[in-house]
2 protein chains.
Amino acid sequence: MADIVRSVKGTRDFYPDEMAVRRWMFDIIRDVSTRFGYQEYDGPCLEFIDLYAAKSGEELVKEQAFVFSSPGDDMLTLRPELTPTLARMVAQRQYEIPLPLRWWSIGPFWRYENPQRGRTREFFQWNIDLVGTEAVAADAEIVAVAASFLKETGLSSEQVQIFVNNRRLMDDALSTIDIAKELRPDVFKVVDKLDKLSEKEWRAYALEIGLTEGQVDGLLNLVNDQDLWMKSDELVEFFKLIKIFGVEDYISYNPKVIRGLDYYTGTVFEAFELGGASRAILGGGRYDNLVSDVGGNRLPGVGFAMGDVVIELVLRDAGVIPEKLGHKPQILVTVFDETLLSESLKIAEEIRLAGYRAAVYPEADKLGKQFKYADKLDISVAVILGPDELKENLVAVKNLKTRDQVTIGRGELLSQIEKFLPSLP
Amino acid sequence: MADIVRSVKGTRDFYPDEMAVRRWMFDIIRDVSTRFGYQEYDGPCLEFIDLYAAKSGEELVKEQAFVFSSPGDDMLTLRPELTPTLARMVAQRQYEIPLPLRWWSIGPFWRYENPQRGRTREFFQWNIDLVGTEAVAADAEIVAVAASFLKETGLSSEQVQIFVNNRRLMDDALSTIDIAKELRPDVFKVVDKLDKLSEKEWRAYALEIGLTEGQVDGLLNLVNDQDLWMKSDELVEFFKLIKIFGVEDYISYNPKVIRGLDYYTGTVFEAFELGGASRAILGGGRYDNLVSDVGGNRLPGVGFAMGDVVIELVLRDAGVIPEKLGHKPQILVTVFDETLLSESLKIAEEIRLAGYRAAVYPEADKLGKQFKYADKLDISVAVILGPDELKENLVAVKNLKTRDQVTIGRGELLSQIEKFLPSLP
């Protein structure tokens, strides 16, 4: 046998069973997003590298993006994130798009990272943004969208939790322990590393950026103060409003959540798996100006992004992915012999017209072999039409799970299928 | 204003209105594919260039694929087509996958072509294959899937037509006019160019590959013989079976359809726009061995591919894209003043729970401004809750199309919305 060309490291093949899980997740995302009044959009997968230079900074572009020169010699990149594309698209039509805009998107992204469990080089990402308002209600809504998604997958609030904090609150708090304004962006990065480093490493890092021992102690007090949110009018309103969306138990205050990017200015949040590997599932926050690199009117907004890889692991580990995902045929129409092929095709067409997913065995073969094929595809119901049935306008229907078989009039076919089918999908 | 980084030539931005059309097409594709018992799959967008070398030949790889070296120095390509990925995936699990397999996929592809109307460098493609059978019923089913898609978009059989032919029939026919076996692959390419060149150019091309004047005349007779299909047992059976699927009027015999690729061995087909620009919409056929470059058991199959760019132009020109595509919010919940924000959020949540797409205006503002916003988003129904309504447990509902407004009890909100909403979506 010739060698099979291997697949590229960090990419994934989606065989039907894996694809069905992806589709199930995407359908929930679509359902939740549209129910909250968001409209789907998409940008190109290929963008000029310049688009990422301004906002993302050197690290992301140089180290993580797939950059290459096109046959026409322009430097292109496979998009590593969507926000710069969103900014470009909004800037292009800033005076036509009704504000506030609610947009969501899902599609492939690429980052040249070291592949590991929970991280691939080619992945999908859900992006959702509410742009053109500074209202705290917008922050609450976006967090409610995230929580509604988690809830609808079947994850409980004991399994996942969205931790919320506020950059402005932390900024004020840092001034109370006399940390200079210039140092605060670095201090945010230090706080962001709190759960990623050992205490010793973390303290060394904090001292290294220029904090005193006293400031480090003060900082530790701050990030362990679970009541700190009460000092923020925004967070007080946020936690009042968030009660309305029916997902309150998925959301809590956490002073350690700060998000690494300088981009965020107000509310910040991050969803984590509780227990297990404590994986970060999604993150986002309020930003001051979506189109800051472009000019035009200032456009504040709030949004988040969620990759598909970690959430799928969390869902698998939690055991909440349904066994039946509606991606397989429900009914196999068998072919008794060559002369009856047309009749079997007719029956399959009739079943499809009624809205069922029906596959027909494409040629005459032993019925046992056809049933075995149906079993392998986990098909529940087989339809059999032999010459005797045809003569008397009958048809046989077999429940492949119980092995029950009944012979009925052709007119009762659909109702018999309905009886044998497990509840949808 | 700073310059906006431009988008890459041959890529597309999908603003919500364009995205809704794409989503509408994809939903029909998904619906038709799954109803016929096909399962969705997907491969990576990034593949090694070697995967395409064997099958596609030099032209596609060197001239059309985006090829680049990854940071790790492997030569990668953005997939220009899906069949080699399908072959790889099937070969990897040839002895586990139940045969015949019915798989479909939709996703992005890239080809470095000269962008023009109907052709982009980044595009989406629907791929669907029935693999592991040589039955003519499989050919008929795949063509019926294509026709069912066209029919469900609203295109009529006067607007589009799938032309079917058979490679084996043409091979036999060529032998009747004494065209040597070695010459036949080139002759297939000549036939494929029939409608793409002027008669003079075409004749010159035919002579150039080594045909005599007599053979060229014979060839012209052949490709104008509308009854040629009757000499093919396969096509006779095909046209008998195709009547069963309820899409017969979309399908006809055409001896000029031959498909350029050497890959096809039996049934070949291509869908065209009738009139207008006569654009080619989709094409496919029967192949002898999906995994021929890999070895293992021979796997015959039949399938087709359809890009999203041409079909969208055809659908737009035919005027069959529905005006309402279900991508916009149906209801705007207004915010009367700051003290009533929570009440408005509660109402929005109640409406969403009933399954409607509801957006809430995120802050208090003049009602006129909020209605204007709803108009711009083409939202049909607004909900208004002022202090008087709140006191008496009432709510006002405004039909933004007719400007009718009624004040009703809170318990009647959903039924009133239902009355005002145009029929879904």
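Trainee: How many salt bridges does the rule find across the interface of chain A and chain B?

Mentor: Eight, in this predicted model. Helix α1 (residues 16-35) of chain A gives the most to the side of chain A that touches chain B, with nine residues.

Trainee: What makes A:E40 and B:R23 a salt bridge?

Mentor: Their closest N and O atoms are 2.6 Å apart. The cut-off is 4 Å, so the pair counts.

Trainee: And how much area is buried between the two chains?

Mentor: About 8600 Å², with carbon and sulfur atoms giving 63% of that. On the chain A side, A:Y15, A:Q39 and A:I244 lose the most area to chain B, together 8% of what that side buries.

Trainee: Why is the pair A:F68 and B:F68 called stacked?

Mentor: The ring centres are 3.9 Å apart, and a pair needs them within 6.5 Å. The planes sit at 15°, and under 30 degrees counts as stacked, so that's the label. The pair crosses between chains, from strand β3 (residues 66-69) of chain A to strand β3 (residues 66-69) of chain B.

Trainee: How do you know that A:F68 is buried?

Mentor: Its relative accessibility is 3%, and buried means under 20%, so A:F68 qualifies. B:F68, with 4%, is buried by that rule too.

Trainee: What makes you say that the charged end of A:R167 sits over the ring of A:F188?

Mentor: The charged end is 4.5 Å from the ring centre, and the distance limit is 6 Å. A:R102 lies over the face of A:Y38, at 5.8 Å from the ring centre.

Technical notes:
Residues are numbered from 1 along each chain as its sequence is written. Chains are lettered from A and ligands numbered from 1 in the order in which they are written. This is a predicted model: local features need pLDDT of at least 70, side-chain atom pairs count only at pLDDT 80 or more; totals for chains, interfaces and linings use all residues. Side-chain values use heavy atoms; hydrogens and water are left out. Rings of Phe, Tyr and Trp (its six-membered ring) pair if their centres lie within 6.5 Å; planes under 30 degrees apart count as stacked, over 60 as edge-to-face and the rest as tilted. Helices (H or I, at least four residues) and strands (E, at least two) are DSSP runs, numbered from the N terminus. Buried means under 20% relative accessible area, exposed over 50%, partly exposed in between (1.4 Å probe, protein chains only). A charge sits over a ring if NZ of Lys or CZ of Arg is within 6 Å of the ring centre and within 35 degrees of the ring normal. Buried area is the accessible area (1.4 Å probe) that two parts lose on being put together, summed over both. A salt bridge is a side-chain nitrogen of Lys or Arg within 4 Å of a carboxyl oxygen of Asp or Glu.
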